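Here is a colleague's note to read beside the model. Keep the structure open and look up each residue as it comes.

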Amino acid sequence: MSAHGPSRATGRREFLALGVGAFVVASVPFARRRGPAVTRRTLPVMGTIADLAVVHRDVRHAEGAIDAAFAELRHVEATMSRFLPVSEVGTVNRLAAGVPVTVSAPTRDVIAAALAWAHASHGAFDPAIGRVVELWDVTHRQSPPEGGRVTRFAGRQLHRHVQLATEKGAPAVYLADPDIHLDLGGIAKGYAVDRAVDALRAWGITDAMVNVGGDLYALGSAPGGDPWRVGIQDPADASAIIGMLDVRDRAVATSGDYEQFFRYRGVRYHHLMDPATAAPRQSPAHSVTIEAASCMDADAAATAVFGMSDAQARSVLQARARDARVVRWA
């Protein structure tokens, strides 16, 4: 039995819309079927809801695998969250503008991947604009910050001043500009999903779904051998699905302006910041959904290309993750 929360068995019908938007269509009561059981658990982590489903005949074994996967999610949160002052990223933000700060190899690798996405997207994805995200704080604000406080961050290309080094044999980070705060929110969640999937594989799990706030990886097949079926949420209606996607051993992630925002004088100010303006990115689309081989790439790509034209998005994906593709703009 899990030490972290209740799990339950469920049926394939309940996974028809398990995916972008992190909601599930479950109008059909579960009826036990022949074959492997599906063990499922939903818990809060990383500021959102994680939903894990494992297909395995042995429920106890599935429970152990889910425990291991959730441990990976919590570890990534503990080391890479900017909201935790004692996390590695929190420590970098507090201290690394003066001296190099040592970090673990995984944190160094995720920062390196984030910087590579920044380069590939010509700065559209910038993990160094944490102070911009803090300034806008869209979940608590009711009006935009003063213009001067915004424009001082605009077009700074701050990612170019994040230096990865070695300090006494350990990976280290140095921030060469005091205006830098790292924010790995556009990539660490996807990385955490990949770590959770690796944990499941280490337990011999071949079929599972790991969904953290809509960033997901479909491992193997759904019960019955079919691909996992993922629903894409309608940005205009949280209860509606605008598309379906069959996936197997692939990741899917969405970035959108419809979940974290505030309204001021009829304008919606969302959480996806444009480093060029240090303000919410202007976009004709309200969401973009990406499919990729890894959830880290899908997560970063969805953030990087949001607001771009389709041609620009394809160019960025070609430069950084050739196996990735835009599934849908909405």
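1. Start with one term. Buried means under 20% relative accessible area, exposed means over 50%, and partly exposed is in between, with a 1.4 Å probe and protein chains only. Thr91 has a relative accessible area of 17%, so this residue is buried.

2. Some ground rules follow. This is a predicted model, in which local features need pLDDT of at least 70, side-chain atom pairs count only at pLDDT 80 or more, and totals for chains, interfaces and linings use all residues. Residues are numbered from 1 along each chain as its sequence is written, and side-chain values use heavy atoms, with hydrogens and water left out.

3. Now the overview. The protein has 8 helices and 17 strands. Helices (H or I, at least four residues) and strands (E, at least two) are DSSP runs, numbered from the N terminus. Of the 330 residues, 54% are buried. Contact means heavy atoms within 4.5 Å. Take the contacts between residues at least 6 apart in sequence: 64% of them join residues at least 24 apart.

4. Back to Thr91. It sits in helix H2, residues 88-95. Setting aside residues up to four places away in sequence, Thr91 touches Pro85, Val86, Ala96 and Val101.

5. Thr79 belongs to helix H1. Is Thr79 buried or exposed? Its relative accessibility is 11%, so Thr79 counts as buried. Beyond its neighbours within four places in sequence, Thr79 contacts Ser87, Glu88, Val89 and Thr107.

6. Next, a sheet. Three strands form an open sheet in the order S4-S6-S5, and the pairing is antiparallel. S4 and S5 are at the edges with a single partner strand each, so one side of each has no neighbour in the sheet. Two strands pair if DSSP finds at least two bridges between them. In general, strands of a sheet pair through backbone hydrogen bonds, either parallel or antiparallel.

7. Count the bridges in that sheet. Strand S4 (residues 101-102) is joined to strand S6 (residues 170-175) by 2 bridges. Strand S5 (residues 162-167) is joined to S6 by 6 bridges. Which residue of S6 is the bridge partner of Thr102? It is Ala172. Ala172 also stands opposite Ala165. Further along, Gln163 stands opposite Tyr174.

8. Look at the turn between S5 and S6. These strands form a hairpin with 2 residues between them. Lys168 lies in this loop. Its phi is positive, about 55°, although Lys168 is not a glycine. At 84% relative accessibility, Lys168 counts as exposed.

9. Gln157 also deserves a check. This residue lies in the loop between helix H5 (147-151) and S5. Gln157 is partly exposed, with a relative accessible area of 27%.

10. Ala313, Val316 and Leu317 are buried. Seen down the axis of H8, the buried residues fall within an arc of 95°, so they line one face of the helix. The arc is that of the directions from the helix axis to the C-beta atoms. The face turned away from the buried side carries the exposed residues Ala311 and Ala319. What do the buried residues of H8 pack against? Their partners are helix H3 (105-120), strand S16 (287-292), H7 and strand S17 (325-329).

11. Find the largest pocket. It holds about 1400 Å³ of space. Of its 47 lining residues, Gly185, Gly186, Lys189, Gln260 and His271 are the closest to its centre. Elements giving two or more residues to the lining include strand S3 (48-56), helix H6 (188-202) and helix H7 (295-305). A pocket is an open set of points on a 1 Å grid over the protein atoms alone, where a 1.4 Å probe fits, with protein on both sides within 12 Å along at least five of seven lines; lining residues have an atom within 4 Å of a point. Grid points are joined across faces, edges and corners, and a volume is the space filled by probe spheres set on the points.

12. Last, Gly231. This residue is in strand S9 (residues 228-234). Gly231 is buried, with a relative accessible area of 1%. Its C-alpha atom is separated by 9.0 Å from that of Asp246, 15 residues apart along the chain.
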